Amino acid sequence: MATLPASVESLIARFGPSLNFPNPEGIAGRDEPDAVVKTHCCFCGMQCGIKLLVKHNRIVGFEPWEEFPFNEGRLCPKGVQRYLQNNHPDRLMTPLTRVPGRGFDPIGWDPAMERVVSEIQRIQSAHGNHAFAMLSGVSLTNEKSYLVGKFARVALKTRNLDYNGRLCMVSAGAGNKKAFGLDRGSNNYSDLAHAEVIMICGTNVSETFPTLTHWIWQARDNGGQLIVVDPRLTPIARTADLHLPVRPGRDSALYGAILHQLIKRDWLDHDFIANHTTDFDKACEAVADYDLDWAERITGIEKAKILRAAEMWGPARTSFLLHARGIEHHSKGVENVLGCINLVLATGRIGKPYCGYATITGQGNGQGGREHGHKCDQLPGNRDIENPEHRQYISQVWGIEEKDLPGKGLTAYELMEAIHRGEVKGLLSICFNPLVSLPNNTMIREALEKLEFYVAIDFFLNETARHADIILPGSLHEEEDGTVTTAEGRVTRIRKAIDPPGDARTDTSILLELAGRLGEGERFRFQTSEDIFNELRVASKGGTADYFGITYKKIEENMGVFWPCPSEDHPGTPRLWEDRKFRTPDGRAHFHGIAYRDPGEVTDAEYPVILTTGRVVSQYLSGSQTRRIGKLVRQYPEPLLEIHPALATRLGIRDRELVRVSTRRGAAEFPAQIVETIREDTVFIPYHWPGKKSANQLTSGHLDPISKIPEFKVCACKLEPTGKIAPSPDESKAWASA
Amino acid sequence: MFATLNLLALLSASLATLALVVSIYVGSRNLGNFDPALIAYLFGCIFACFGVVYRYTVWLQRPPTWRYFSRGWQLFFTGKAISYGWELTKHFVGNFLGQNFIRKRGKSVGYGHFLMAWGCLLAFAVTFPLVFGWIHFGLKPGGINTYEIYVFGFKTDEFPLHTWIAELIFNALNWSAILVIAGVMLMMRRRLTHAGQIAIQTFENDWLPLLLLLAISVTGIGISVDNRFMEGRAHQFMAITHAITVILFLIWMPFGKFFHIIQRPAQLGIAIYRRAADEGPQAVCPHTGEAFLSGMQLSDLKHVTAELGFDFTRRDGKSHLDYSPCGKRALLARAHLKARQKSGHLFG
Amino acid sequence: MNTFRVDQEFFLDPQRCIGCHACEMACAECETNGQFPMIHVDYVDRYYTPQTSVQICMHCEDPVCARVCPAVAIEKDEYGIVHSAKTDRCIACSNCVNACPFGVPRKIEPMDLMMKCNMCYDRTSAGKRPMCATVCPSGALFYGTREEMARRRPNSSPVNTFKFGKQTVKTRVNIMMPKGSTELVVDANG
Ligand code: SF4
Ligand code: SF4
Ligand code: SF4
């Protein structure tokens, strides 16, 4: 039974979120730290280098790491305040067991582990191995991601392992594999510097990847032009040469229309298309009718602007296309991605200096995590769990029979549905907070309540883990060694700065002990993170994400190595496709015919407004970490409903008035922020908050048929003014909303 | 400060010094109660008086200072100050006696400063009247157990010897020295360990005052210790070093860090000013649409800047100062955007 | 040991700012600032635009803030850095706060003290770059040599002359303007 053991309020009072502020007189010892540890920020795929100051096994501050090549000391506010997740009053320091009526009581490691193992065995023997599932996240290092993948398949023997990257990078990954046969940004970001035109599609770089801004601005200093596709005028769009405020859910129509223009005006690289690609005809056929009038009608963008975009993109000599969740969080996420890739391939501007294409991976280790482990359909090295050869190879590395290697499992949202249906009865989660981050979270809550047994490994008691039966206190980013692969595909070193405090243990040691207790100890004989990495290298060998030639030493010496790196004397691959040898079976890049179709939910008389969701710069994902850092919370204290004045006037909504937003899945109230910087037919709510302040009470569970990513970026809603003006934001307690 | 002679300051300093000398003469009953052993201290005090008044007068002549000074007294004499009596008292108790505002800057500086300040004030309260001969003690005629206190030559009180009251009074300077030493220690520790302090401190401004206070207090206590436990063997040395440090303190008073002791009460004037200004009309920023400053301070500020030779008059007749700080920042950002847009390139 | 690098200067470019507030957070971490940020980042007018203003102290040649201070609490040092009010002198009257044409000084209310950007003196005096300019992800804040700036921004000119109404103010800190500009006019129609 995984209902809450006590009232939400009492759990919040005891486990937070509470806010950690720095000591105004400075933290003692900051000026003379015991150690200065070069590592990375834990809060996004940029993986900015940062130095942490350590005193008496505590992180007391930070110092910019100016030598690290990607960010040269630059950080965003999350990076600057990152050190305050350490030393936090909410930190879990002892295993806990659920006590109905009281909440959670501490128990020792031994009884906790025993309970977990006996419940796993009970559920699996009664309902089969796959009735016990695991959910994990890509804030984990490559080592831990690899370990999770192996643990679930070898120790838990379940096929039902998936991860929070399912809400993040899967559309891009699937699109890239289809088009290029490999899932990685094609270029590193230094290729932005001299791109003549940069197209940024559905990514609020200024708030989600602030440190990437430097490279884009550098291109503009060099005369480059910027096109931004976004329903909102974001800070990165404000100064853009061209802003295309697309109607949410209509992205593929826009890329189709631009392709139509490229074809019409013959802004094509015929040589490249002929020699290195396939299916261009299909792409052409699909967009044959996508003229400007049609495009304007569908996308809501003036046709002159669409034409202008084609004129800027078409004849340029160098270019870079970037996209992120804005086009990927759709029931057509993969199609949107392929629509973008078509534009890149049609102009042949890839695999050359300053000619690039990349998705911007969102999570800290979104890139490495998905390559090596916890994706329900993937094996290390970006291998396919259904490919017999791949299965054979990994089984041999893991020392198991191929037949014992489970097959493809359910994806994250589907997994929650299966729990809801009662098919999956037990859950182990690490580093994932689906109650805040998955859409339609009323269903998620009901599902959690139906679990027979739920064990969570985490460092804070996040909203989802409140439903757990056993909580095992794990480790923070700075408490274990490892590696992380950045959005650029650069493998970097995460250095351990301190030991986990109290009785908390490293995630690795917890998983290893569980594996041992589940009787698979001899397949998990790792002493150090480097041991795990060395096995990962072998496991990835020959896969598309080949890490075999990467060692800790090499990473440290070069401040990162770009995969693929098949041998120790290989320098790594900062720019892909210079050899034009794509990793598809036929060695060519593939065009795809992308016919436009509507999003999963369209507006109607009852729900007449489009709702889209996204992020703010001061928060990260479900906020388990950043909603606990005082100044980050103060920067943007509560989720606001961004609404255009024309729409607000029509509905009689005043600034800061509480507006009731309802969709087919739920309703919630948010203060209105009336701004001209959003489309008239669309409202926006950021999603980092829990409980009644959660935007994901409203979002829909429509999934992309290929990537199974949920459609966070578009659904239909109804707005009703409540007549009440919201109290001042300073009084908001949204960060700990029940 | 003293580079060019300031006539007004010279005049007021001379008058003040003269007044001090006269009051010493009269207060000590024509020097009858004056203790000749303290003559060096006396000259130190007289010099300090001259210097402090001189500098204070120079200071007051700065346009902004003068404006506040005159406004303050103007408000005081129109009786405003009285109607704010309660708040002013609170301010006085909290921020003057209690020094709450310093504690808000940090605990160690708060407590350190509190101890030092009260140690010093206590020492001043004892030392000046003694040196000026305004107070002296005498054995009550006809006994050996009761002491009498004379103020300006008049007997005001008496107390029995060998009681805690007597200990308290006779050792007042020692108590103050202990307070000061404790305070100095806290302050020094902060100056040695706090990276921010280390970065901006200077020897002259930050260390010298602490060292001087420490020296005064240690030698002061030294005299007592010597009397009690060493039969006065080191008296000569202690007395001379103590005198030297105290006189250095007095002479340095008008120039260095310690001048803030004289300046600080102006904060009370600011409190009156602010209180009165809050009651009047408020200036509203044309950019934010919010009140940001009292009309009185804004108009005073415009006068002061004009007196100082600044002219912020805009083409629309408004002053740049009519904008709140936030408004000013927005104006600049907008002007910059406009200039950039006009050139056709936001980047480059 | 003071190792202030006199060859390095501050260059500001508000149009690059993305309003992320990293500078503000980092500024507060500076040892001299006691967790108070000295830099300002504000929306210019959020209703119309996400444009932000970002303002550090410009370290004026003839600092108005210091001139209007009744307590002589604000001093400019030999490197041209205009420091925070001296804690012993400042009487928290807010004259500087309201007279500074750039809107820089802050009155820290409970402390009864004015504090302002001192260009991270704890860092710059040790040869390091100021916090804000080191972390700023957009280059809205840059600290380095003039040559370096010219190399990075060949089509912009650093400008350090401002006109606020009739008043000309010259500063130590530069603002990046279109190439060839010599001053930034901040006025009603400017
Ligand atoms: S969140 Fe991302 S952009 Fe911000 S500092 Fe961390 S890694 Fe850099
Ligand atoms: S910018 Fe303002 S605070 Fe800085 S020196 Fe100039 S007047 Fe003073
Ligand atoms: S760090 Fe840079 S981009 Fe961010 S708010 Fe400050 S000036 Fe603007």
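In these legends, contact (or touching) means heavy atoms within 4.5 Å. This is a predicted model, in which local features need pLDDT of at least 70 and side-chain atom pairs count only at pLDDT 80 or more, while totals for chains, interfaces and linings use all residues. Residues are numbered from 1 along each chain as its sequence is written, chains are lettered from A and ligands numbered from 1 in the order in which they are written, and side-chain values use heavy atoms, with hydrogens and water left out.

**View 1. Here is where chain B meets chain C.** On the chain B side, 62 residues are in contact with 70 residues of chain C. The two chains bury about 5,600 Å² between them, 56% of it on carbon and sulfur atoms; buried area is the accessible area (1.4 Å probe) that two parts lose on being put together, summed over both.

**View 2. Zoom in on the salt bridge between Asp13(C) and Arg340(B).** Their closest N and O atoms are 3.6 Å apart. Helix α16 of chain B (residues 325-343) gives the most to the side that touches chain C, with 16 residues; helices here are DSSP runs (H or I, at least four residues; strands are E, at least two), numbered from the N terminus. Sorted by class, that side of chain B has 28 nonpolar, 18 polar and 16 charged residues. Ala, Val, Leu, Ile, Met, Phe, Trp, Tyr, Cys and Pro count as nonpolar, Asp, Glu, Lys and Arg as charged, and the others, Gly among them, as polar.

**View 3. Now look at His40(C), in strand β2 (residues 40-43) of chain C.** His40(C) is buried, with a relative accessible area of 6% (buried means under 20%, exposed over 50%, partly exposed in between; 1.4 Å probe, protein chains only). Its side chain reaches the backbone oxygen of Val104(C) at 2.7 Å. Leaving out residues up to four places away in sequence, His40(C) touches Arg329(B) from the other chain, plus Ser53(C), Val54(C), Gln55(C), Gly103(C), Val104(C) and Arg106(C).

**View 4. This one shows the surroundings of ligand 2.** Among the 13 residues around ligand 2, the closest are Cys57(C), Cys60(C), Cys65(C), Cys100(C) and Lys116(C); a residue is near if one of its heavy atoms lies within 4 Å. The shell has eleven nonpolar, one polar and one charged residues.

Methods. A salt bridge is a side-chain nitrogen of Lys or Arg within 4 Å of a carboxyl oxygen of Asp or Glu. A polar contact is a pair of N or O atoms within 3.5 Å; within protein, one must be able to donate a hydrogen and the other to accept it, and residues adjacent in sequence count only if both atoms are side-chain atoms.
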